[in-house]
Amino acid sequence: MKVLMLNGSCNPKGCTYTALTEVGKALSSQGIDYEIVQLDGGPVRDCTACRTCQKTPGRCVFDDDMVNPIIEKAREADGFVFGTPVYYAHPSGRILSVLDRVFYDAKRLFFYKPAAAVVTCRRGGAGNTFDQLNKYFTISSMPVVSSQYWNGVHGDRPEEV
């Protein structure tokens, strides 16, 4: 079993990475493999609903070295964890752009696979962010993996998470 995690932060070793790493430790302790994919700091295009992907399923026409590799990894994944920092009470624009394109093109790869969202914030906005990520799961018939509380952590620096 393998879980694909997406780090929606531009900071590759920041608070979101730290939270995802903790999730990874819990998965590893149960014999579950995981991979954290860093959504790099370069530009990410929004989905333009051009529908070109309907002619070439599993392949976004905007080949920015981000979306198409994630679609390929999603084929092999048994579950997902999407992590993001909170920016103005919502997920990072980076993860929203990537998820919009991935799910528009390859939603079928996610059907019935469990998923969880992890949000990191300094103060507030975690509830809205958590809700927005979970909507990708529920609209795609994905069981949402819950916790004892919302899957969020607080901290301004990784050592505070």
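## A first look at this predicted model

Ser140 is buried, with a relative accessible area of 0%; buried means under 20% relative accessible area, exposed over 50% and partly exposed in between, using a 1.4 Å probe and protein chains only. Welcome to a predicted model, in which local features need pLDDT of at least 70, side-chain atom pairs count only at pLDDT 80 or more, and totals for chains, interfaces and linings use all residues. Residues are numbered from 1 along each chain as its sequence is written, and side-chain values use heavy atoms, with hydrogens and water left out.

**Confidence**

- The protein chain has a mean pLDDT of 91, and 99% of its residues reach 70 or more; pLDDT is the predictor's confidence in each residue, from 0 to 100.
- Helices (H or I, at least four residues) and strands (E, at least two) are DSSP runs, numbered from the N terminus.

**Strands side by side**

- Six bridges join β1 to strand β2 (residues 33-38) in the parallel sense; two strands pair if DSSP finds at least two bridges between them.
- From β1 the chain passes through helix α1 (residues 15-29) to β2, in a right-handed β-α-β crossover. Right-handed means that, with the strands pointing away from the viewer, the path from the first strand over the helix to the second runs clockwise.
- Asn7 has Gln38 as its bridge partner in β2.

**Aromatic rings**

- You can find seven aromatic pairs here. Rings of Phe, Tyr and Trp (its six-membered ring) pair if their centres lie within 6.5 Å; planes under 30 degrees apart count as stacked, over 60 as edge-to-face and the rest as tilted.
- One of them is the tilted pair of Phe80 and Phe110, with 4.6 Å centre to centre and 40° between the planes.
- This pair links distant parts of the chain, 30 residues apart: Phe80 lies in strand β3 (residues 79-87), and Phe110 in the loop between α3 (93-106) and β5 (115-121).
- Both Phe80 and Phe110 are buried.
- Ring pairs also tie Phe80, Phe82, Phe103, Phe110, Tyr136 and Phe137 into a cluster.

- Ser140 sits in the loop between α4 and β6.
- Leaving out residues up to four places away in sequence, Ser140 touches Phe103, Lys107, Phe110, Phe111 and Tyr112; contact means heavy atoms within 4.5 Å.
- Asn134 belongs to helix α4 (residues 126-138) and counts as buried because its relative accessibility is 11%.
- With the sequence neighbours up to four places away again set aside, Asn134 touches Ala117 and Val144.
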